[in-house]
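User: I have a new structure open and would like a quick tour. Can we take it piece by piece?
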Amino acid sequence: MAIRQLSETLINQIAAGEVIERPASAAKELIENALDAGATRIEIATAGGGKALLRVSDNGSGMDATDLELAVRRHCTSKISETLEDIRTLGFRGEALPSIGSVARLSIASRRRDSTGGHEIAVTGGKIAHMRPAAANPGTIVEVRDLFFATPARLKFLKTEKAEAGAITEIVKRMAIAFPAVRFVLSGSDRTTLEFPATGDDHLARMAQVLGKEFRDNAIALDAVREEISLTGFAGVPTFNRGNSAHQYAFVNGRPVQDKLILSAIRGAYAETIPSGRYPVAVLSITLDPALVDVNVHPAKSDVRFRDPGLVRGLIVGAIREALARDGSRAATTGASDMLRSFRPGFQPNTQRPQGGWSAETPPSRPFQPTTDFGERPQASFDGLSMPTARAEPQFSPQPAAPEPNARYPLGAARAQIHANYIVAQTEDGLVIVDQHAAHERLVFEAMRKALHSKRLASQVLLIPEIIDIPEEDCDRLMRHAAELSELGLAIERFGPGAIAVRETPAMLGEVDAHGLIRQLADEIAEWDTASGLSAKLEYVAATMACHGSVRSGRRLRPEEMNALLREMEVTPGSGQCNHGRPTYIELKLSDIERLFGRS
């Protein structure tokens, strides 16, 4: 077979297969061109998830007729000359516009600031139309319609309009974090308008716009230098973590990247500080000589290769660990908010101490029955709060405070609760220390999992629905799985473009932190929202819900509640570890204790 030269249109369509994978790829390339042109205001409009329309308008330097004609031709660029050793712009390959024009209907209108008029050029399926004068403001407007109409096979591989619109949103967020001095506006018929006003040199303010104001209160500043590489940015405290890695942003010389080396370094830096299955929130900016990094690895320019990857990884890990050692021990402010919601009093206590001291017959809140060996005053006073009970009938019901004389209980009888987190129980030949939250979490999960295979979980209707404000894309993900969540007893409704109303919660869980639960579920659905759907993940959802509905650390338990927990653990399979793989109790034999004291 003879070798022949491919047509320019076919060459561009082949290139488009790598450069323009989806509407978000086209949006990324057009936004990069606007930023390289010095724009301080960029507006993006979409329709049909970017497939029907993608328009990017900027107030950059603009182009004259000559530049505009060259811009739609392959390998024409103003950003590099003869070498790839000193790339300081986002784009440089000269492939984006001709690639888009080969598979879509592309029109570009542009005007230089010092020009009295603008010009417009159009490319349809690789065919370039004649240049014509056009009325235009200083800057450039690029409009892409009917993306992939010339390559219909590619359309079959695209996701839903909502998914494609969400991918464009993520691109805009990354660009907004990288360039805080630029105002970004994202709008269209398929979305709610999203605006990021310029924040100048205040990078943290821009991060708060994108990641939420909570990030500002839970971020630790990073500033480290090693040899010729510098690292700046912010890392979240370990207790401020999320259910997926989508909240980790990395930039190399201002370029947003999704590099495996950087993500691996972040994971390594937080090792053993956050639970399994949770991910830290971090924004890292690496600055180095362009000659020390290769950005020409892939046409999409999202991957980079460092000349000394070990140096970069060591810098990231060392800087984050040093920051965590310095300021990472503080608790996340979100944890304090969750605690206040969980521990709010259910009554207005009488602050006046009764005459003659406390009495079992006249308690300040509810009847208290003193139990032998467990009537310590601190635990008795804790009964004054209206809290979720450890008794989750019919899961388990209270047992006597001490085992019957002839009964054998592997986990023994509860003797004390220390630091409001751990139950100490005496067994026949030793003692057991139980993590009350982890243990009850497992029990709730096992009960929910059993119910999943039999019938819909019973729910309790909230007197006043809980309204949770979350990003619109998270609302969409949750509502797509509302039916499955309803089977678990969690009834949700859409409440405007960026909010979810929780109307019912699983009755088994008692009082639930709805805010934390909804945010957690949204993160997890985003992580595994694939073609397999959520049906195979219901047990994992149940584990998440069990975590939010179980006895919290810091809850003081009554003797009968502690023993009820121990008895249920003894008959529940897998109760030796929680849903996250951590042990629920530690057992010390009497011989082990005697060895500690040198008695054996």
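User: How do helix 2 and helix 6 lie to each other, roughly parallel or roughly antiparallel?

Analyst: Helix 2 and helix 6 are roughly parallel. Helix 2 covers residues 23–36 and helix 6 covers residues 161–178; they pack at about 25° with axes 8 Å apart. Angles under 35 degrees count as roughly parallel, over 145 as roughly antiparallel, 65 to 115 as roughly perpendicular, and the rest as oblique. Axes are lines fitted to C-alpha atoms, for helices over the stretch in contact, and angles run from 0 to 180 degrees between N-to-C directions. Helices (H or I, at least four residues) and strands (E, at least two) are DSSP runs, numbered from the N terminus.

User: Before I go on, what kind of model is this?

Analyst: It is a predicted model: local features need pLDDT of at least 70, side-chain atom pairs count only at pLDDT 80 or more, and totals for chains, interfaces and linings use all residues. Residues are numbered from 1 along each chain as its sequence is written, and side-chain values use heavy atoms, with hydrogens and water left out.

User: Is Glu164 buried or exposed?

Analyst: Glu164 is buried, at a relative accessible area of 1%. Buried means under 20% relative accessible area, exposed over 50%, and partly exposed in between (1.4 Å probe, protein chains only). Leaving out residues up to four places away in sequence, Glu164 touches Arg22, Pro23, Gly49, Leu158 and Lys159.

User: What about helix 2 and helix 4? At what angle do they pack?

Analyst: About 140°, with axes 10 Å apart. That makes helix 2 oblique to helix 4. In helix 2, Ala26, Glu29, Leu30 and Asn33 meet Ala96, Leu97 and Ile100 of helix 4. That contact divides into 5 nonpolar, 1 polar and 1 charged.

User: Where does Ser99 sit?

Analyst: Ser99 is in helix 4, residues 96–103. Ser99 is buried, with a relative accessible area of 0%. Its C-alpha lies 8.8 Å from that of Thr9, 90 residues apart along the chain.

User: And Ser264, what does it count as?

Analyst: Ser264 counts as partly exposed, at 24% relative accessibility. Ser264 lies in helix 9, residues 260–269. Ser264 and Arg313 are 49 residues apart in sequence, but 8.3 Å apart C-alpha to C-alpha.

User: New topic. How many aromatic pairs are there?

Analyst: There is 1 aromatic pair. The ring centres of Phe215 and Phe240 are 6.4 Å apart and the planes are at 45°, so the pair is tilted. Rings of Phe, Tyr and Trp (its six-membered ring) pair if their centres lie within 6.5 Å; planes under 30 degrees apart count as stacked, over 60 as edge-to-face and the rest as tilted. Both Phe215 and Phe240 are buried.

User: Last one. How many helices and strands does the protein chain have?

Analyst: It has 19 helices and 25 strands. Of its 600 residues, 46% count as buried.

Technical notes:
Contact = heavy atoms within 4.5 Å. Nonpolar A, V, L, I, M, F, W, Y, C, P; charged D, E, K, R; others polar.
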